[in-house]
Amino acid sequence: MNRNSKNKSLSKKDLLRASEILDKGDSYFQNGEYQNAIAQYYTAIKIYEKSQEYIETVAGLYNDIGLAEEKLGNYQNSIENYKKSLDRYLQVLDPDDELTGGVYNNLGWAYGRLGDTTKALEYNNKALDIFLK
């Protein structure tokens, strides 16, 4: 039996644990404890990544990590996580889905904060194109 297979489903125990960790991360985020939120989100990702069924959930978690990193002023880290989010969303969603548009928008804001106006405009325009469809 291949224990590293990403095609297996998660057990109810794993799903409950991941959900609890995710809720804890969200609570930390809402209370401004961004480092703690990031740690919880990474822990949840480790569980959800065991199954291909949760690619969209993992994508959302990477986006949330990007938001937390941005709140901490870690714009390069936020960009890296937004790109991980986008890569995963594009595996399971239409490229013009509003969720991908949201990540493009986040990338634009992060690049803008780094002073890279060219990339900021590129990503913000991609987001705008999606939201105007």
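This is a predicted model: local features need pLDDT of at least 70, side-chain atom pairs count only at pLDDT 80 or more; totals for chains, interfaces and linings use all residues.
Colleague: How are helix 1 and helix 2 oriented to each other, roughly parallel or roughly antiparallel?
Modeller: The axes of helix 1 and helix 2 lie 8 Å apart, and the two helices pack at an angle of about 160°. Angles over 145 degrees count as roughly antiparallel. Helix 1 and helix 2 are therefore described as roughly antiparallel.

Colleague: Where is Ser 51 found, and is Ser 51 buried or exposed?
Modeller: Ser 51 sits in the loop between helix 2 and helix 3. The relative accessibility of Ser 51 is 3%, and because buried means under 20%, Ser 51 counts as buried.

Colleague: How many of the 17 residues of helix 3 are buried?
Modeller: Helix 3 covers residues 55–71 and reaches 24 Å from its first C-alpha to its last, which is close to the 24 Å expected at 1.5 Å a residue. Its buried residues include Ile 55, Val 58, Leu 61 and Ile 65, and also Glu 69 and Glu 70. Helix 3 is largely enclosed by the rest of the structure, so the number of buried residues among its 17 is twelve.

Colleague: Which residues does Tyr 42 contact, leaving aside its neighbours within four places in sequence?
Modeller: Tyr 42 has its place in helix 2, and at 31% relative accessibility this residue counts as partly exposed. The C-alpha atoms of Tyr 42 and Leu 61 are separated by 7.9 Å, with the two residues 19 apart along the chain. Once those sequence neighbours are set aside, the contacts of Tyr 42 are Tyr 62, Ile 65 and Asn 81.

Colleague: What is the handedness of the crossing of helix 4 and helix 5, left-handed or right-handed?
Modeller: Helix 4 (residues 75–92) and helix 5 (residues 98–113) have axes 9 Å apart and pack at an angle of about 160°. They are therefore roughly antiparallel to each other. Their crossing is left-handed.

Colleague: How many charged residues are in the contact of helix 4 with helix 5?
Modeller: Among the residues that meet are Ile 79, Tyr 82 and Leu 86 in helix 4, and Val 103, Leu 107 and Arg 113 in helix 5. Twelve residues of this contact are nonpolar and four are polar, while the charged residues number two.

Colleague: Which residues does Leu 90 touch, not counting residues up to four places away in sequence?
Modeller: Leu 90 lies in helix 4 and counts as partly exposed, at 36% relative accessibility. Leu 90 and Ala 59 are 31 residues apart in sequence, and their C-alpha atoms are 9.3 Å apart in space. With the sequence neighbours left out, the residues touched by Leu 90 are Pro 95, Thr 100 and Tyr 104.

Colleague: How many polar residues does the contact of helix 5 with helix 6 have?
Modeller: The axes of helix 5 and helix 6 (residues 117–131) come within 7 Å and cross at roughly 155°, and these helices are therefore roughly antiparallel. The residues that meet include Gly 101, Gly 108 and Trp 109 in helix 5, together with Tyr 123, Ala 127 and Phe 131 in helix 6. By class, nine of the residues in this contact are nonpolar and three are charged, and the number of polar residues is seven.

Conventions: Residues are numbered from 1 along each chain as its sequence is written. Side-chain values use heavy atoms; hydrogens and water are left out. Axes are lines fitted to C-alpha atoms, for helices over the stretch in contact, and angles run from 0 to 180 degrees between N-to-C directions. Helices (H or I, at least four residues) and strands (E, at least two) are DSSP runs, numbered from the N terminus. Angles under 35 degrees count as roughly parallel, over 145 as roughly antiparallel, 65 to 115 as roughly perpendicular and the rest as oblique. A crossing is left-handed if the near helix is turned anticlockwise from the far one by less than a right angle, and right-handed if clockwise. Contact means heavy atoms within 4.5 Å. Ala, Val, Leu, Ile, Met, Phe, Trp, Tyr, Cys and Pro count as nonpolar, Asp, Glu, Lys and Arg as charged, and the others, Gly among them, as polar. The expected span of a helix is 1.5 Å times one less than its number of residues. Buried means under 20% relative accessible area, exposed over 50%, partly exposed in between (1.4 Å probe, protein chains only).
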